[in-house]
Amino acid sequence: MVKLSNGGAYLINGCDIIEDGPQAAAEAASKTGFTGTKEDAAKNTIAYSILESHNTSGNMNELTIKFDKLTSHDITFVGIIQTARASGLEKFPIPYVLTNCHNSLCAVGGTINEDDHMFGLTCAKKYGGMYVPPHQAVIHQFAREMLAECGKMILGSDSHTRYGALGTMAVGEGGPELVKQLLSKTYDIKMPGVVAVYMTGEPAKGVGPQDVALAIIKAVFANGYVNNKVMEFVGPGVENLSADFRIGVDVMTTETTCLSSIWKTDDKIKEFYDIHGRGEAYRELNPGEVSYYDGVVYVALDKIKPMIAMPFHPSNAYTIEEVNNNLMDVLEDCEKKALVSLDGQVDYSLKDKVRDGRLYVEQGIIAGCAGGGFENICDAADILKGKSIGADEFTLSIYPASTPIYMELAKNGRLADLMSTGAIVKTAFCGPCFGAGDTPANNAFSIRHSTRNFPNREGSKLQNGQISSVALMDARSIAATAANKGYLTAATDIDVEFTSPKYFFDKTIYENRVFDSKGIADPSQEIKFGPNIKDWPKMIELTDDIMLKVVSEIHDPVTTTDELIPSGETSSYRSNPLGLAEFALSRKDPAYVGRAKQVRDAEEARQAGTCPCESEFADAFKAVKADARFADVNPAEVGLGSTIFAVKPGDGSAREQAASCQRVLGGLANIANEYATKRYRSNLINWGMLPFLYEGDDSSLPFANGDYIFIPGIAEAVKTGKDDIAAYVVKDGGLAECKFSLGRLTDDERAIILKGCLINYNRN
């Protein structure tokens with residue numbers, strides 16, 4: 001189905017692959033007459049041309065990107081605008097769309113979520129933005145319908161900001177990166193590698209975009225094949241996919257940990273723009289006659305089978321056929337993996353889902369930016385037409401990705417077909433993707449055409465003994481399972497004729513309900529602040545020396561942002577930094593917040609004039625002062641902070657709060673073997689936290705939870721770009737040296753860390 005090249009490769013005329021080797025360049029030249037270097041050929045990718053047109057540095061090795069448009073949702077835009085306001089924002093310099101698709105449900109017993117919405121509306125008026133009210137569209141569908149343009153770039157504060165199928169390079173980042181764009185600054189990265197996703201063949205009937213996406217994710221996630229690179233979709237198979245199908249694959253590229261994606265475009269994409277009344281946004285995009293890629297992901301579309309990503313990661317994928325044929329073995333393997341993901345906090349079993357030799361699931365969801373597309377829902381309706389989902393435990397909920405899609409489903413009859421089966425069709429909402437709405441019962445198993453199935457995203461609360469499981473599947477196989485009343489079934493096993501109705505886009509609802517300032521700011525507009533909307537607490541500059549206390553130690557192979565700051569009901573507090581911070585690591589290490597607060601209290605006392613020698617740091621400073629090298633250190637001038645260790649933190653969501661919550665609790669650093677994504681590391685830096693790297697084996701760390709680590713001269717090291725950082729762990733009344741590094745930091749990143757956070761940096 002999917003295989004990977006061992007190295008780079010040339011793409012000839014968009015069709016033929018020549019893998020790198022001694023004769024590769026000569027072969028490429030013989031076929032085309034191309035006489036340039038490999039580096040010249042790398043400039044012929046679609047990705048290179050788009051990045052070049054948006055780069056302001058004049059140096060394609062060190063990019064400083066200015067985006068064309070920005071987009072955020074109601075979990076992220078309050079913090080972004082608050083940060084930008086504190087940094088001097090007067091007007092949105094480029095189009096900025098505020099969608100309301102995450103905190104769409106009013107908080108029970110309070111006004112928190114709707115207060116955030118009114119904040120967003122008044123900010124759109126004051127600063128010249130667009131505001132999409134709740135239930136109108138999920139963030140990414142609105143961007144596809146109304147923002148995407150071929151050859152343009154969009155930055156979004158949601159990790160699934162991916163519009164490559166429509167010819168738009170889009171990047172999902174933490175909020176501070178959007179703040180930089182709002183302040184007319186740049187997105188600074190090294191030129192990313194570009195990997196070709198070379199598609200051939202045509203999908204079998206019943207195979208959908210989620211099946212293709214899961215097969216790709218399975219092949220590239222664990223080995224980091226596309227980590228922080230751009231995935232460029234090319235090859236003759238692309239033309240066999242509809243625009244909706246491409247979009248469904250594209251949005252899931254986030255789960256590969258790539259930086260962004262881009263696809264070649266053709267008449268099917270032109271038709272998409274024409275349908276949406278934006279034909280002028282289309283232009284054909286193709287790689288050059290000879291293009292060079294850093295690797296190739298070969299995707300034989302005709303070999304893809306219906307897939308299922310078992311708990312607790314999209315890469316934990318199998319064919320449905322494989323699961324059904326080896327049911328007990330697969331379930332046992334998943335249970336073993338769960339012991340790691342859940343830290344053994346609850347009794348977890350999947351084998352009890354087997355009934356009469358078949359896997360029974362209690363819930364199906366087709367939703368959001370991945371599953372809520374028109375074709376997905378119409379195909380599901382064809383499979384379910386005239387059937388019943390039954391009156392037992394199994395339930396089915398469907399969330400169209402936008403109101404225009406919902407309206408067309410009502411007009412063409414598919415809405416009635418679905419509802420007559422017992423399925424519930426709801427409004428556009430991202431909740432099922434992050435644990436709000438349609439939460440399964442304890443021990444229940446849910447299959448979803450959504451983006452993620454990490455632990456804790458479906459409402460589990462391990463500390464309360466509550467656990468449920470999510471598996472990812474395509475809408476078609478979810479419908480086939482629903483038609484069999486909850487027994488796992490591949491869509492290819494169902495006899496169905498897909499009707500493939502034509503889509504008609506009606507923009508009337510947007511014209512009637514979406515506020516569009518047309519880029520005109522109204523400085524006289526007062527912003528509405530709900531009582532839960534709080535400013536960021538003050539953060540000081542990095543001191544010359546620091547003392548860290550390790551307050552959490554996580555040895556999972558990968559730690560997701562959901563484990564650093566849980567999603568779901570906590571999202572209501574995203575506008576209240578201190579309120580949200582109370583939930584930090586709550587489902588991974590419930591003792592973390594209390595430990596971190598103790599360190600923060602000691603640092604606040606130090607800033608108020610109390611010597612740390614009178615705090616819990618007393619013995620640590622006694623050990624430091626006893627060492628002749630540091631006898632002159634003044635504890636009153638040493639910054640105190642907490643740190644966590646995790647093997648590979650930051651997979652998943654772009655939410656900045658995974659870092660900012662640690663910061664407002666007094667965090668000064670993370671220590672990791674590596675960072676799962678660029679965006680999490682960027683979030684740490686933008687909140688003034690040191691992204692330390694430790695190269696040693698995590699099974700024999702020189703420090704442990706509760707230990708103190710003294711790092712002298714850290715400010716000077718950051719200022720001068722020194723990467724070999726000497727740190728000293730307090731052990732048995734003495735100091736044991738260990739080494740950290742900071743990795744590559746740009747000049748701006750060093751300045752941000754020295755100032756204490758992005759807000760301070762911008763103020764200065």
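Start with the lining of the second largest cavity. H6, H9, helix H13 (368-371) and H14 each supply at least two residues to it. H9 gives the most, with 4 residues. The volume of this cavity is about 90 Å³. It is lined by 13 residues, and the closest to its centre are Asp 244, Ile 247, Gly 248, Gly 373 and Asn 376. By class, the lining has 5 nonpolar, 4 polar and 4 charged residues. One reminder: this is a predicted model.

How many cavities of 30 Å³ or more does the structure hold? The count is 7.

Next, the largest pocket. Its space comes to about 770 Å³. The lining has 30 residues, and those closest to the centre are Ser 242, Ala 243, Asp 244, Glu 375 and Ser 500. Look at Asp 244. This residue is among the closest to the centre of the pocket, and it is also among the closest to the centre of the second largest cavity.

Which helices supply at least two residues each to the pocket lining? They are helix H6 (139-146), helix H9 (243-250), helix H10 (267-275) and helix H14 (374-384). H6, H9 and H14 also each supply at least two residues to the second largest cavity.

Helix H8 (residues 209-220) packs against H9 at an angle of about 35°, with the axes 8 Å apart. Is the crossing left-handed or right-handed? For H8 and H9, it is right-handed. From H8, the contact takes Pro 209, Val 212, Ala 213 and Ile 216. From H9, it takes Phe 245, Gly 248 and Val 249. That contact has 6 nonpolar residues, 1 polar and no charged ones.

Thr 257 is not a glycine, yet its phi is positive, at about 70°.

Now two more helix pairs. Two packed helices are described by the angle between their axes and the distance between the axes.

Pair one is helix H4 (residues 77-86) with helix H5 (residues 112-127). The angle is about 45° and the axes are 10 Å apart. H4 and H5 are therefore oblique to each other. H4 passes H5 in a left-handed crossing. On the H4 side, the contact uses Phe 77, Val 78, Ile 81, Gln 82 and Arg 85. On the H5 side, it uses Asp 116, Phe 119, Gly 120, Cys 123 and Tyr 127. By class, that is 6 nonpolar, 2 polar and 2 charged residues.

Pair two is helix H7 (residues 175-182) with helix H25 (residues 678-686). Their axes come within 8 Å and cross at roughly 70°. So H7 is roughly perpendicular to H25. H7 brings Gly 175, Pro 176, Glu 177 and Lys 180 to the contact, and H25 brings Ser 682, Asn 683 and Asn 686. The classes here are 1 nonpolar, 4 polar and 2 charged.

Last stop, a peptide bond. Where is Phe 312 found? Phe 312 is in the loop between strand E16 (307-309) and strand E17 (317-319). The bond joining Pro 311 and Phe 312 is cis, with omega about 10°.

Note on methods. Residues are numbered from 1 along each chain as its sequence is written. This is a predicted model: local features need pLDDT of at least 70, side-chain atom pairs count only at pLDDT 80 or more; totals for chains, interfaces and linings use all residues. Side-chain values use heavy atoms; hydrogens and water are left out. Axes are lines fitted to C-alpha atoms, for helices over the stretch in contact, and angles run from 0 to 180 degrees between N-to-C directions. Angles under 35 degrees count as roughly parallel, over 145 as roughly antiparallel, 65 to 115 as roughly perpendicular and the rest as oblique. A crossing is left-handed if the near helix is turned anticlockwise from the far one by less than a right angle, and right-handed if clockwise. Contact means heavy atoms within 4.5 Å. Ala, Val, Leu, Ile, Met, Phe, Trp, Tyr, Cys and Pro count as nonpolar, Asp, Glu, Lys and Arg as charged, and the others, Gly among them, as polar. On a 1 Å grid over the protein atoms alone, a cavity is a set of points where a 1.4 Å probe fits but cannot get out, and a pocket is an open set with protein on both sides within 12 Å along at least five of seven lines; lining residues have an atom within 4 Å of a point. Grid points are joined across faces, edges and corners, and a volume is the space filled by probe spheres set on the points.
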